[in-house]
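Biologist: I'd like to learn how to read a model like this one, feature by feature. Could you walk me through it?

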Amino acid sequence: MNINTAQSLMLSLIVLFMAQTMQMAFAENNASPDSLLTGKTDYWFVGHLGQTDNEGRLLVWEATIDGDVKGKMKWWFVNPPPTSDVTYAGGRLTFYAARWELWVNEELLLAGETAGKTDFRDGADGIWDGHGRVTEATGKFSALKGREVYETGPVIVGSDPPKSFSGTGLFLVY
């Protein structure tokens, strides 16, 4: 077995294991349907604007969310990231830790912490994947406080990276 075949097999096994772990996590969660939130996010990179919050985190992504709630989202990244980039044959992984916020009509309804990675294959768009927890929830969303968060989607490189990074993905509170 050559190295590329072995790497492909190992990557396939890791993805299969992760998928089964997510299914078990959803199955074991005793949340009522009212305690779930799903939405499609359309996101774009804004890190080049240099906006920071009071904690020194950089606003890296903004998005619209549509699904169980319609509104806007923001991801404020800890700087420096929790670990440096990792390169591997065929690509690199970038890591992040962030505060996310979900706003509706200028009101902060949900916020939380998340961490994850983006996998950029050489010469290709990336895949973003993160996990976290709801730390703030108001109004009808109060039951979501303490719930887990999963976020994922492609990072389309575009014509002028990183300014042109964008994508459409999933945001899930369970």
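Predicted model: local features only at pLDDT ≥ 70, side-chain atom pairs only at ≥ 80, totals over all residues.

Biologist: Where is Ser164 found, and what does Ser164 touch?

Modeller: Elements are DSSP runs numbered from the N terminus: helices are H or I with at least four residues, strands E with at least two. Ser164 sits in the loop between β8 (148-155) and β9 (166-173). Contact means heavy atoms within 4.5 Å. Leaving out residues up to four places away in sequence, Ser164 touches Ile156, Val157, Gly158 and Ser159.

Biologist: How many helices and strands does the protein chain have?

Modeller: One helix and nine strands, running α-β-β-β-β-β-β-β-β-β from the N terminus on.

Biologist: And how do I read a nonpolar core?

Modeller: In soluble globular proteins, nonpolar side chains tend to be buried together. Buried means under 20% relative accessible area, exposed over 50%, partly exposed in between (1.4 Å probe, protein chains only). A nonpolar core is a set of buried Ala, Val, Leu, Ile, Met, Phe, Trp, Tyr and Cys residues joined through side-chain atoms within 4.5 Å. In this case the largest such core has 30 residues, and Trp61, Trp75, Trp100, Leu110 and Phe171 touch the most other members. The largest share of this core, five residues, comes from β5.

Biologist: What about aromatic pairs?

Modeller: A pair of aromatic rings is described by the distance of the centres and the angle of the planes. Rings of Phe, Tyr and Trp (its six-membered ring) pair if their centres lie within 6.5 Å; planes under 30 degrees apart count as stacked, over 60 as edge-to-face and the rest as tilted. That gives eight aromatic pairs here. Phe45 and Phe165 have ring centres 5.9 Å apart and planes at 75°, so they are edge-to-face. Phe45 belongs to strand β1 and Phe165 to the loop between β8 and β9, 120 residues apart. Phe45 is buried at 14% relative accessible area, and Phe165 is buried at 13%.

Biologist: Why is the pair of Trp75 and Trp128 edge-to-face?

Modeller: Their planes are at 90°, with the centres 5.7 Å apart, so the pair is edge-to-face. This one links strand β3 to strand β7, 53 residues apart. Both Trp75 and Trp128 are buried, and they belong to one aromatic cluster whose members include Tyr43 and Phe120.

Biologist: Last one: how many salt bridges does the structure hold?

Modeller: A salt bridge is a side-chain nitrogen of Lys or Arg within 4 Å of a carboxyl oxygen of Asp or Glu, and the structure holds eight. One of them joins Glu148 and Arg133, with the closest N and O atoms 2.6 Å apart. Glu148 lies in strand β8 and Arg133 in strand β7, so the pair ties together parts 15 residues apart in sequence. Asp66 bridges to Lys70 at 3.1 Å; Asp66 is partly exposed at 38% relative accessible area, whereas Lys70 counts as exposed at 58%.

Note on methods: Residues numbered from 1 in each chain as written. Heavy atoms only, no water.
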